[in-house]
Amino acid sequence: MKTKTKIKTLLTLITLGLSVFQCDLFDPKDKVTSDDLVSMLALQQINANSMSEAQRLGLNVAYSHRFSIKDGPHLFCREYSTAYLEKQAEWEKDMEQTYTTIGNAIGIQIVVERLSGPCAVTNKVAACHYDGVDGINDLIPYAYTTEGEHKYLIPANAYYGTTDLKNAKEACERFKGTYVCYDPSKCWQ
């Protein structure tokens, strides 16, 4: 009989102890509110918008290019991993002339910045990740601002003869890229 009483008492104490411990552990004052969640998501959005797209993907960036409207906003960044170092001189050879021609055709003056390392654009709204080019399989991330999607991407595709695109997502996916939208209120999709 004494053993049953001891077991009952022990179980009661354990249950009571767990209840008290659980109450401390899950105190309603410490619960995350919906306002806290909104704040956390907003912070994540700000961080995603300010980061280099390649760094966000965990790539080791060797060099990049930032394209802007002369005396205006950035359009987009294009970043290359170290796997593309041997192609850098070849791809940069006539870059200014190429983008001058495209800019003239679509009605904007495009400025090209060559950067050693990563590149970020302000107010990034979307990105397009290409699987690679010229036999190199590393991603080439493009990060677009609203101006990049609207004033450059679709008009440039039209200039090259692709006139059936309705939005930036279609433009990205047409060339086997993966489209990512960071701001659904601004992405052109």
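Guide: What follows is a walk through the sheet, and then through the helices, the pocket and the loops beside it.

This is a predicted model, in which local features need pLDDT of at least 70 and side-chain atom pairs count only at pLDDT 80 or more, while totals for chains, interfaces and linings use all residues. Residues are numbered from 1 along each chain as its sequence is written, and side-chain values use heavy atoms, with hydrogens and water left out.

The chain holds 7 helices and 6 strands, where helices (H or I, at least four residues) and strands (E, at least two) are DSSP runs numbered from the N terminus. Read from the N terminus on, these elements come in the order α-α-α-β-β-α-α-β-β-β-α-α-β. The 6 strands make an open sheet whose order is 3-1-2-5-4-6, with antiparallel pairing; two strands are said to pair if DSSP finds at least two bridges between them. At the edges stand strand 3 (110–116) and strand 6 (178–181), each of which pairs on one side only. Neighbouring strands are turned by 15 degrees against each other on average, direction ignored; the axes behind such angles are lines fitted to C-alpha atoms, for helices over the stretch in contact, and angles run from 0 to 180 degrees between N-to-C directions.

Strand 3 is joined to strand 1 by 7 bridges, and the two run antiparallel; here Phe 67 stands opposite Val 112 in strand 3. On its way to strand 2, strand 1 forms a hairpin with 4 residues between the two strands, and in the turn Asp 71 has a positive phi of about 55 degrees. Strand 1 and strand 2 pair in the antiparallel sense over 7 bridges: Val 61 has Ser 81 in strand 2 as its bridge partner, and His 65 stands opposite Arg 78.

Strand 2 has 7 of its 8 residues buried, so it too is largely enclosed by the rest of the structure. Its pairing with strand 5 is antiparallel and comprises 3 bridges, with Phe 76 opposite Tyr 144 in strand 5. Further on, strand 4 (residues 124–130) is joined to strand 6 by 4 bridges, again antiparallel, and Ala 127 stands opposite Val 180 in strand 6.

Helix 6 (residues 146–159) lies across strand 1, strand 2, strand 3, strand 4, strand 5 (140–145) and strand 6, and runs at about 95 degrees to strand 5.

Next comes the largest pocket, which holds about 670 Å³ of space. On a 1 Å grid over the protein atoms alone, a pocket is an open set of points where a 1.4 Å probe fits, with protein on both sides within 12 Å along at least five of seven lines, and lining residues have an atom within 4 Å of a point; grid points are joined across faces, edges and corners, and a volume is the space filled by probe spheres set on the points. The lining has 25 residues, and Arg 78, Tyr 99, Tyr 130, Tyr 142 and Tyr 152 lie nearest the centre. Strand 2, helix 5, strand 5 and helix 6 are the elements that give two or more residues to this lining.

Finally, some loops deserve a look. Asp 138 sits in the loop between strand 4 and strand 5 and, at 30% relative accessibility, counts as partly exposed. Its C-alpha atom is separated by 6.9 Å from that of Ser 81, although the two are 57 residues apart along the chain. Not counting residues up to four places away in sequence, Asp 138 touches Ser 81, Ala 83, Tyr 84, Tyr 130, Asp 131 and Gly 132, where contact means heavy atoms within 4.5 Å. Asn 123, in the loop between strand 3 and strand 4, has a positive phi of about 55 degrees although it is not a glycine, and at 59% relative accessibility Asn 123 counts as exposed.

Definitions and conventions
Buried < 20%, exposed > 50% of the residue type's maximum accessible area, 1.4 Å probe, protein only.
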